[in-house]
Amino acid sequence: MIDLRSDTVTLPTPEMREAIARAELGDDVYGEDPSVNRLQAMAASMMGKEAALLVPSGTMGNLAAMLTHCARGTKAIVGARSHTNLFEAGGASALGGIVLTAIANTEDGELDADELARELGMPADEHFAPPALVVLENTHNQCGGAPIKLSHMAEVSAAAHRRNLRLHLDGARIFNAALALETTPKEIASAADTVSFCLSKGLGCPVGSVLCGSREFIAGARRTRKILGGGMRQAGIIAAAGIVALTTMVDRLAEDHQNARALAQGFALVAGLNVRAVKNRTNMVVVGVDGGWEALGRFMAAMHQRGVLISPRDMTSFRAVTHHGISRADVDRTVAAAAQAAGEVFGD
């Protein structure tokens with residue numbers, strides 16, 4: 001089965017499995033797991049931050065950041081199509097009393113400049129929740145995996161800091177963004193006060209994310225992680241795979257981007273499919289399907305019958321994500337399956 005639903009379906013490499021088996025361990029709640037400490041130091045250095053914290057998931061990383069930055073009853077400004085707004089179960093509001101204020105994302109995943117300016121320009125008023133945080137996402141999942149330009153991040157950072165607000169970056173796929181923008185994760189993260197990134201997506205780890213920031217912030221986030229039930233004991237089992245990922249899996253992301261471009265080009269030749277254009281494609285391809293929800297369901301079922309898994313994006317489109325374990329031969333097989341499935345669904 002060719003699984004293109006997400007890059008979260010990646011399996012750990014043999015080197016990761018070996019590192020897991022041989023990991024040097026201690027109790028991380030006491031700060032005594034050497035593998036965790038090594039991973040956190042590596043992550044902080046790569047992001048240009050003072051300290052880092054291993055957490056079980058990207059959702060917890062973002063949640064811990066928001067709960068640490070924001071007091072109850074304050075406002076976090078997020079993109080309307082951001083992961084924090086749509087796919088994290090409202091945790092910041094449910095658990096932290098944080099008011100999520102959504103403003104429009106452009107098709108490239110940036111925050112709408114006019115809406116952001118209006119929101120940040122609102123005078124203090126006792127009737128409204130005071131702002132505390134702005135959240136960006138790079139790459140932007142719902143916007144086709146688009147990498148957010150450094151210039152936009154710098155503009156949002158400056159605007160937030162002028163109001164004495166903090167900026168958190170959901171950098172789940174920050175290494176994909178760095179590759180696409182021909183820069184470094186450190187340069188991308190430099191605009192943000194804090195950044196989280198996933199080990200369990202394109203980097204191929206079985207579990208884990210890392211939250212990075214100042215030493216003072218991470219000390220607070222460590223307590224927040226404990227409140228959320230994220231304090232882990234011999235977490236070096238997880239960290240060992242993360243160390244391998246950061247040393248061996250970053251450069252190979254270029255293969256995923258190449259395969260995504262080939263996949264997009266192949267889908268574009270199939271009648272009934274409409275590939276969403278992305279100025280700078282990373283590892284995601286979003287494809288519209290003629291005929292609405294019913295046609296999309298039939299197309300996905302036909303692809304499944306041909307050994308290809310894809311995920312619905314909305315009522316009229318699907319997403320295909322390339323990752324470790326997907327080869328160019330798999331891309332060619334997927335395009336051939338799409339042509340056959342489209343003939344079945346859209347044919348005369």
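User: Where is Val-289 found?

Analyst: In this predicted model, Val-289 is found in strand S10, which covers residues 284-289.

User: Is Val-289 buried or exposed there?

Analyst: Val-289 is buried, with a relative accessible area of 6%, and the cut-off for counting as buried is under 20%.

User: And what does Val-289 touch?

Analyst: Not counting residues up to four places away in sequence, Val-289 touches Gly-272, Leu-273, Ala-295, Leu-296, Thr-316, Ser-317, Phe-318 and Phe-346.

User: How many Å apart in space are Val-289 and Gly-31?

Analyst: From C-alpha to C-alpha, Val-289 and Gly-31 are 51 Å apart, and in sequence they are separated by 258 residues.

User: Let's step back to the whole protein. How many helices and strands are there?

Analyst: The protein has 14 helices and 13 strands, and its C-alpha atoms fill a box of roughly 65 × 55 × 35 Å when taken along the principal axes.

User: What does the radius of gyration say about that?

Analyst: The protein has a radius of gyration of 21 Å, which agrees with a compact globule, because a globule with 348 residues would have a value near 20 Å. Of the 348 residues, 56% count as buried, and among contacts between residues at least 6 apart in sequence, 74% join residues at least 24 apart.

User: Switching to helices, how do H1 and H11 pack?

Analyst: Two packed helices are described by the angle between their axes and the distance between the axes. Helix H1 (residues 14-22) and helix H11 (residues 236-248) pack at an angle of about 145 degrees, with their axes 8 Å apart, and the crossing of H1 and H11 is right-handed.

User: Which residues meet in that contact of H1 with H11?

Analyst: On the H1 side these are Glu-15, Met-16, Ala-19 and Ile-20, and they meet Ile-237, Ala-240, Ala-241, Val-244, Ala-245 and Thr-248 in H11. The residues of this contact divide into 8 nonpolar, 1 polar and 1 charged.

User: What about disulfides, how many are there?

Analyst: The count comes to 0 disulfides, where a pair of cysteine sulfur atoms would have to be within 2.5 Å. For Cys-70 the nearest cysteine sulfur is that of Cys-212, 18 Å away, while for Cys-198 the nearest is that of Cys-205, 10 Å away.

User: Are Cys-70 and Cys-198 buried or exposed?

Analyst: Cys-70 counts as buried at 7% relative accessibility, and Cys-198 is buried as well, with a relative accessible area of 4%.

User: Now the backbone: which peptide bond is cis?

Analyst: The peptide bond from Asn-138 to Thr-139 is cis, with omega near 0 degrees, and Thr-139 lies in the loop between strand S5 (131-137) and helix H7 (150-162). As background, most residues other than glycine have a negative phi, and most peptide bonds are trans.

User: What is the phi of Asn-164, then?

Analyst: Asn-164 has a positive phi of about 65 degrees although it is not a glycine. Asn-164 is found in the loop between H7 and strand S6 (166-170), where it is exposed with a relative accessible area of 62%.

User: And where is Glu-182?

Analyst: Glu-182 is placed in the loop between helix H8 (174-181) and helix H9 (185-189). Glu-182 has a positive phi of about 55 degrees, although it is not a glycine, and at 76% relative accessibility Glu-182 counts as exposed.

Key: Residues numbered from 1 in each chain as written. Predicted model: local features only at pLDDT ≥ 70, side-chain atom pairs only at ≥ 80, totals over all residues. Heavy atoms only, no water. Axes fitted to C-alpha atoms, helices over the stretch in contact; angles between N-to-C directions. Helix = DSSP H or I, 4+ residues; strand = E, 2+ residues; numbered from the N terminus. Left-handed = near helix turned anticlockwise from the far one by under 90°. Contact = heavy atoms within 4.5 Å. Nonpolar A, V, L, I, M, F, W, Y, C, P; charged D, E, K, R; others polar. Buried < 20%, exposed > 50% of the residue type's maximum accessible area, 1.4 Å probe, protein only. Rg over C-alpha atoms; globule rule 2.2 N^0.38 Å.
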